[in-house]
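Here are my notes for you, written as numbered points. Keep the structure open beside them and look up each residue as you read.

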Amino acid sequence: MKNFEVARCFDLMADLLELKSENPFRIRAYRRAAQNLEALTEDVEALAREERLDEIPGVGADLAGKIVEYLRTGRMKDLEAARKGIPAGVVELMNVPGIGPKTARLLHEKEGIKDIARLEALARAGKLRGLPGIQAKTEKNILKGIEIVKKGQERMSLGKALPLARELVAALERLPEVKQVEVAGSVRRCKDTVGDIDLLITSPRPEPVMQAFVSLPQVGEVLERGSTKASIRHREGIQVDLRVVEPECFGAALQYFTGSKQHNIRLREMAMKNGLKISEYGVFKEPTGRRVAGATEEEVYAAVGLPWIPPELREDAGEVEAALAGRLPTLIELGDIRGDLHCHTNATDGHHTIEALVQAAAQRGYDYIVVTDHTKSATVAGGLTAEQMRAHVHKIRAAQKKFKDITVLAGAECDILPDGTMDYPDAVLAELDLVVGAVHGRFKQPKAEMTRRLCRALENPYVHILAHPTGRLLGERGPYDFDLDRVLKTAKARGKAVEINCHPRRLDLNDVHARRAHELGVLLAIDTDAHVLDQLETMQLGVAIARRAWVEKAEVVNTLPAKKFLAWAESARTRAKAAR
Ligand code: DGT
Ligand code: CA
Ligand code: CA
């Protein structure tokens, strides 16, 4: 959904017009349109396609034209024109709640403040008060506003951070002075959003490594540079901390800086009970201070009487107890995945052909791939009518003839209508190998209605999987209001699967919800929802979420070999027929 993006454009437009002291009515019109776009439950792209943009309060022909332009080109010419001649710094300062265009201009022109960091420093030092219109109280409000801005920019999605972290690791590995490199922190634990990237290395010569690190092309700004510790701001905005440690401390440092803090506190308590002291430097016997472990994580855990615990579990959420009892799960691995069950082609909103998708899946070594394009109600995505779907299925079946090593299956991502019925009649669904049910509109139904809607879909014998079950979009949209437990229990009762959608903006179910599914014994499906071939790669994100949810291979339907997978897909239909 681009609702928020378009809203941001209009808001910025209003700021710029205000800065130029333009007509207050125009300014208000942009603000109002921005607010209504944010509150909109329907996808602005759907409205554009159906030529219904004028149904958005405050959007007339003029603004509708700008929305269409933005959706089509990713730009708004008027906005770019309005920006001309206004320094980027002023625009940045205006983003701080409590700073209007006039103050922004004053701060920029008279005080030479170009960014929020400088603004914060001056506000903290009490150096803003006394400027025209700025009192001690205003200064306080500015600091509050800065906090809000920072919070919003604080965390990056794992899908974005992970590749950045890997790229940095690869760059550091190329340095001759570097012996070991590891990612630590929340990135290693695969949290769905991360505050920063923590890197650890060992090197006999830290000095040139530090120099090389702060000189990497990825570095936007050097925040701190010591002899064994440096922090930079990545060009992509996220902070990166690098530490150099001695090889005999590497395991202890990796354990410590992987966290979580809660997990580490548990470990420290256990160590204390055994007369040991644990720190980022190692495990030491008290009171002599003799080192008993430190070079590897395994020996650190062993020193406190535990087996090694996978990073994804280190949240003090029962993993220490399980480790003590010898009951750590054997977590699912990327290599266990035998197929992708939710992928799009250019028949709807995907970008590639059936053949290209199948080819890419085969190259990944999958045994099967399910092509699941959209159905008619998903108008934004160019959903297919039943008739068009039949023709598409025909093409999918034909594509099978070109591939020997992979089973090509015909499915659909079928809209779940507001009343819980499906977008196609059962007879059409029956022709498909797999049906993934999904909600794409009317997100704001009351809780009871949404719960009934999702349960009813799962009760349909032709629906196999509930896609992106909660509908949340990271940093953009919360989950729908519904009774997750009821829905999970319905899935369990019907032998259906709920999805961990791997799309970096979704990761839905998230770790906590997937753990609940795991506890209730519900089957899971880990699907990429790929629209471009690159996205097949995001399977690793979904697997990471599953691991954080304690999920083992046997709980995930797409770890089944093709025959067994198809038998599962048939089973609900067979049961339904038998019951009739
Ligand atoms: P983030 O960056 O907010 O996504 O989360 P983390 O877990 O990466 O946190 P970060 O970067 O502040 O610190 C990395 C790890 O260092 C953290 O997971 C555990 C460890 N750590 C940091 N501060 C403390 C502390 O005060 N006590 C203990 N025991 N460990 C800490
Ligand atoms: Ca971190
Ligand atoms: Ca950190």
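1. A disulfide is a covalent bond between the sulfur atoms of two cysteines. The cut-off used here is a pair of cysteine sulfur atoms within 2.5 Å. A search of the whole structure finds zero disulfides. Cys-343 is in no disulfide either, its nearest cysteine sulfur being that of Cys-502. Cys-343 is buried at 0% relative accessibility, and Cys-502 is buried at 0% as well. (Buried means under 20% relative accessible area, exposed over 50%, and partly exposed in between, with a 1.4 Å probe and protein chains only.)

2. A word on how to read the model. This is a predicted model, in which local features need pLDDT of at least 70 and side-chain atom pairs count only at pLDDT 80 or more, while totals for chains, interfaces and linings use all residues. Residues are numbered from 1 along each chain as its sequence is written, chains are lettered from A and ligands numbered from 1 in the order in which they are written, and side-chain values use heavy atoms, with hydrogens and water left out.

3. Asp-198 sits in strand 4 (residues 196-202) and Asp-241 in strand 7 (residues 239-245), so the pair ties together parts that are 43 residues apart in sequence. (Helices, H or I with at least four residues, and strands, E with at least two, are DSSP runs numbered from the N terminus.) Asp-198 is buried, with a relative accessible area of 11%, and Asp-241 is buried too, at 8%.

4. The calcium ion (ligand 2) has Asp-196 (OD) and Asp-198 (OD) as its protein donors, 2.1 to 2.2 Å from it. The two ions, ligand 2 and ligand 3, are 3.8 Å apart, and Asp-196 coordinates both.

5. Which residues come nearest to ligand 1? They are Arg-155, Ser-186, Arg-189, Gly-195 and Asp-196, out of 16 residues around ligand 1. (A residue is near a molecule or strand if one of its heavy atoms lies within 4 Å of it.) Oxygen atoms of ligand 1 lie 2.9 Å from a polar side-chain atom of Arg-155, 2.9 Å from an N or O atom in the side chain of Arg-189, and 2.8 Å from a polar backbone atom of Gly-195. Taken alone, ligand 1 exposes 600 Å², and the protein buries 70% of that. (Accessible areas come from the Shrake-Rupley method with a 1.4 Å probe; for residues, only the protein chains shown count as cover.)

6. The shell around ligand 1 draws on several elements. Helix 11 (185-189), strand 4, helix 13 (250-258) and helix 14 (261-273) each supply at least two of its residues.

7. Next, look at Arg-188 in helix 11. Arg-188 is buried at 16% relative accessibility. Its side chain makes a polar contact of 2.8 Å with that of Thr-258 and another of 2.9 Å with that of Glu-297. (A polar contact is a pair of N or O atoms within 3.5 Å; within protein, one must be able to donate a hydrogen and the other to accept it, and residues adjacent in sequence count only if both atoms are side-chain atoms.)

8. Finally, some backbone details. The peptide bond from Gly-259 to Ser-260 is cis, with omega near -5°, and Ser-260 is in the loop between helix 13 and helix 14. Another cis peptide bond joins Glu-286 and Pro-287, with omega about 0°. Asp-529 is not a glycine, yet its phi is positive, at about 60°; Asp-529 is buried, with a relative accessible area of 4%.

Note on methods: Donors are N, O and S atoms within 2.8 Å of the metal (3.2 Å for Na, K and Ca); water is not among the atoms, so sites may look incomplete.
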